[in-house]
Amino acid sequence: MSKLEDKVALISGSGRGIGRAVAEKLAAEGARVVVNDLDEGPAKETVAAIEAAGGAAVACAGSVTEPDFGERFVQTAVDAFGGVDIVVNNAGYTWDTVIQKMSDEQWSAILDVHLTAPFRILRAAQPVISAAVKKERAAGVEIPCRKVVNISSIAGLDGNAGQVNYAAAKSGIVGLTKTLAKEWGRYNVTVNAVAFGVISTRLTVAADGGSTIDVAGNEITVGINPSVLAAAEQMIPLGRAGTPTEAAGAVYLLCTPESSYVTGQTLICSGGL
């Protein structure tokens, strides 16, 4: 039997990059997955890839920053698969500049996607998890260990010039993780975070400033200056950026039964940086 057989996993931002790799990894281990992406197309592509590999998945497209998204995301899991066992808060992007040039919009947008959205998703999941645990206790059955994995960054642990908004949000995720681990221990839920270093995705590939993404009508520059990326890789003890598959492996570790007594922790996945 696969390690996550019949578990129900919600993974935000799983149409592309790290999120898609996490969705495919958890599905390969038996989880039934609710896939989310800002755009419907990538979400459906991930669902199709999981189904083609013999797994089960449904899409829940839309922005995680919408006030009602958390409830809709959780309800999709309940309607499609009957509950919630794993929540991975992965969705996000960066919108960088130094503090004196950063607008209120830039600050708020990044905190909304990286900190407020996970808060809302987890708040929406609590009644579902609590009701399931009460039912399991009443039936006298063993309460399974459910899992929350929040995505942080080494920027949230050590700071990073030009990313005061992102670093603040990712630091906040660590605080949210530690607090929820204390609140949800009574439900036998472990709550941990993974702090990534440089992972090769469309948001971090070497770029000359011409690559952009559209978020809520804003054209946001993505990618890392090639010389900056090369310098960063020289500082990484493993000598290179990580892959989405390797990033997914770190998340998977905290979703397995073997990590059922690990909670309130932040696992750094950075190649030693």
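A polar contact is a pair of N or O atoms within 3.5 Å; within protein, one of the two must be able to donate a hydrogen and the other to accept it, and residues adjacent in sequence count only if both atoms are side-chain atoms. Such a contact occurs at D85, whose side chain reaches the backbone nitrogen of V8 at 2.8 Å.

The structure is a predicted model, in which local features need pLDDT of at least 70, side-chain atom pairs count only at pLDDT 80 or more, and totals for chains, interfaces and linings use all residues. Residues are numbered from 1 along each chain as its sequence is written, and side-chain values use heavy atoms, with hydrogens and water left out.

Helices (H or I, at least four residues) and strands (E, at least two) are DSSP runs, numbered from the N terminus. In these terms, D85 is placed in the loop between α3 and β4, the latter spanning residues 86-89. Burial is judged by relative accessible area: buried means under 20%, exposed over 50%, and partly exposed in between, with a 1.4 Å probe and protein chains only. D85 counts as buried because its relative accessibility is 13%.

Contact means heavy atoms within 4.5 Å. Leaving aside residues up to four places away in sequence, D85 touches D6, K7, V8, R146 and K147. One of these, D6, lies in the segment before β1 and has a phi near 70 degrees, a positive value in a residue other than glycine.

R146 is also the partner of D85 in a salt bridge, with the closest N and O atoms 3.6 Å apart. The pair links distant parts of the chain, since R146 belongs to strand β5 (residues 146-153) and D85 to the loop between α3 and β4, 61 residues apart. R146 is buried as well, with a relative accessible area of 5%.

## Salt bridges

A salt bridge is a side-chain nitrogen of Lys or Arg within 4 Å of a carboxyl oxygen of Asp or Glu. The whole structure holds 10 salt bridges. Three of them are listed here with the distance between their closest N and O atoms.

| Pair | Closest N and O atoms |
|---|---|
| R16 and D39 | 3.2 Å |
| E24 and R20 | 2.9 Å |
| R146 and D85 | 3.6 Å |

R16 lies in the loop between β1 and α1 (17-28), while D39 lies in the loop between β2 (32-35) and α2 (40-52), so this pair ties together parts that are 23 residues apart in sequence. R16 is partly exposed at 27% relative accessibility, and D39 is partly exposed at 35%. A network of salt bridges links R16, D37 and D39.

The pair E24 and R20 lies within helix α1, where the two residues are 4 residues apart, about one turn of the helix. E24 is partly exposed at 32% relative accessibility, and R20 is partly exposed at 24%.

## Nonpolar cores

A nonpolar core is a set of buried Ala, Val, Leu, Ile, Met, Phe, Trp, Tyr and Cys residues joined through side-chain atoms within 4.5 Å. The largest such core has 41 residues, and L10, Y93, I129 and W184 have the most contacts inside it. Two or more residues come from each of β1 (8-11), α3 (69-81), α4 (104-139), α6 (164-184), β6 (189-196) and β7 (212-215). Helix α4 gives the most to this core, with 10 residues.

L10 touches V34, F73, V74, A77, V84, I86, V87 and V88, not counting residues up to four places away in sequence.

## Surface features

I99, W107 and V164 form a nonpolar patch on the surface, with about 270 Å² of accessible area together. Patches are made of residues with over 30% relative accessible area and no salt bridge: like charges are joined within 9 Å, and nonpolar side chains (Val, Leu, Ile, Met, Phe, Trp, Tyr) within 5 Å. Accessible areas come from the Shrake-Rupley method with a 1.4 Å probe; for residues, only the protein chains shown count as cover. W107 is found in helix α4 and is partly exposed, with a relative accessible area of 34%.

N188 lies in the loop between α6 and β6. Its phi is near 60 degrees, a positive value in a residue other than glycine, and N188 is partly exposed at 30% relative accessibility.

T179, in helix α6, is partly exposed with a relative accessible area of 43%. The C-alpha atoms of T179 and T221 are separated by 34 Å, the two residues being 42 residues apart along the chain.
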